[in-house]
Amino acid sequence: MTHALIVVDVQNDFCPGGALAVPGGDEVVASINAMMDQFDAVILTQDWHPAAHSSFASSHPGKAPFEITDMPYGTQVLWPDHCVQGTEGAAFHKDLRTDGDLIIRKGFRVGIDSYSGFFENDQTTPTGLEGYLRSRGITRLTLAGLATDFCVAFTALDAARLGFDVTVELTACRAIDLEGSLQAALSQMKEAGVALQS
Ligand code: VGL
Ligand code: ZN
């Protein structure tokens with residue numbers, strides 16, 4: 001069985017001092033670095049938005065960060081501008097090991113957000129990650145990173161739906177926790193058969 005570690009969005013903007021800071025976001029770095037040697041493959045995801053991305057509140061006059069809006073593909077939380085392509089905020093945390101096998105960027109289409117490493121938020125546009133994993137014979141995934149209740153959870157749910165054996169290492173994840181989003185994400189993952197390691 002080929003087992004991959006997927007390191008989700010451990011980027012400056014999701015760490016303390018960043019534009020969309022996740023409480024304790026930087027605390028995951030040391031444990032993720034230590035985990036990397038235990039896997040057959042290591043894949044990192046990187047949130048990678050163009051300026052004026054449609055998930056930014058600043059692109060919606062009259063809307064404030066953390067409000068919700070309707071997009072053609074469903075409801076969307078509006079975020080502060082974050083992880084703009086090529087900026088320091090989009091870079092990986094400086095202490096994160098980036099000597100993994102693949103870096104998969106997502107959220108690069110201006111009109112659609114992508115929380116999951118597999119599919120954009122319309123749940124149909126693929127990132128290519130599934131094909132990469134399957135062609136390498138990877139069947140088992142462990143996920144860690146940021147944020148538990150958004151990009152980690154969406155990636156885990158898609159992976160489970162695609163038939164991968166999925167574990168989320170909660171000790172190496174941190175959450176945004178927007179109005180109960182953490183509890184909701186944990187229940188959805190449990191329901192989907194994702195193993196939650198804590
Ligand atoms: C994320 C909100 C917006 C995440 C990315 O990595 O969880 N959350 N973009
Ligand atoms: Zn984003």
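In this predicted model, a side-chain N or O atom of Asp47 lies 3.1 Å from a nitrogen atom of ligand 1.

| Residue | Protein atom | Ligand 1 atom | Distance |
|---|---|---|---|
| Asp47 | side-chain N or O | nitrogen | 3.1 Å |
| His82 | polar side-chain atom | nitrogen | 3.1 Å |
| Leu146 | backbone N or O | oxygen | 3.3 Å |

Taken on its own, ligand 1 has 250 Å² of accessible area, and the protein covers 100% of that area.

**The surroundings of ligand 1**

The residues around ligand 1 are Asp9, Phe14, Leu20, Asp47, Trp79, His82, Tyr115, Leu146, Ala147, Phe150, Cys151 and Ile176. Sorted by class, this shell consists of nine nonpolar residues, one polar residue and two charged residues.

Ligand 1 sits in the largest cavity. The structure has one cavity of 30 Å³ or more. The space in the largest cavity amounts to about 100 Å³, and 13 residues line it, with Phe14, Asp47, His82, Tyr115 and Cys151 the closest to its centre. The lining of the largest cavity comprises nine nonpolar, two polar and two charged residues.

**The largest pocket**

The model also has pockets to consider. The largest pocket holds about 620 Å³ of space. It is lined by 27 residues, and those closest to its centre are Thr75, Val77, Tyr115, Phe150 and Phe154. Three elements each contribute two or more residues to this lining: β4 (74-77), α3 (148-161) and α4 (181-191). Of the elements, α3 supplies the largest share, with seven residues. In terms of class, the lining of the largest pocket divides into 13 nonpolar, nine polar and five charged residues.

**Backbone features**

Most residues other than glycine have a negative phi, and most peptide bonds are trans. Two places in the model depart from these patterns. One is the bond between Leu146 and Ala147, a cis peptide bond with an omega of about -15°. Ala147 is in the loop between β6 (138-146) and α3.

The other is Ala52, a residue other than glycine with a positive phi, near 65°. Ala52 is located in the loop that runs between β2 (41-47) and β3 (68-71).

Terms used. Residues numbered from 1 in each chain as written. Chains lettered and ligands numbered in written order. Predicted model: local features only at pLDDT ≥ 70, side-chain atom pairs only at ≥ 80, totals over all residues. Heavy atoms only, no water. Near = heavy atom within 4 Å. Polar contact = N/O pair within 3.5 Å; in protein donor to acceptor, adjacent residues only side chain to side chain. Areas by Shrake-Rupley, 256 points an atom, 1.4 Å probe, with all protein chains shown as cover. 1 Å grid on protein atoms, 1.4 Å probe; cavity = no way out; pocket = protein on both sides within 12 Å on 5 of 7 lines; lining within 4 Å. Sits in = over half its atoms within 2 Å of the grid points. Nonpolar A, V, L, I, M, F, W, Y, C, P; charged D, E, K, R; others polar. Points joined across faces, edges and corners; volume = space filled by probe spheres on them. Helix = DSSP H or I, 4+ residues; strand = E, 2+ residues; numbered from the N terminus.
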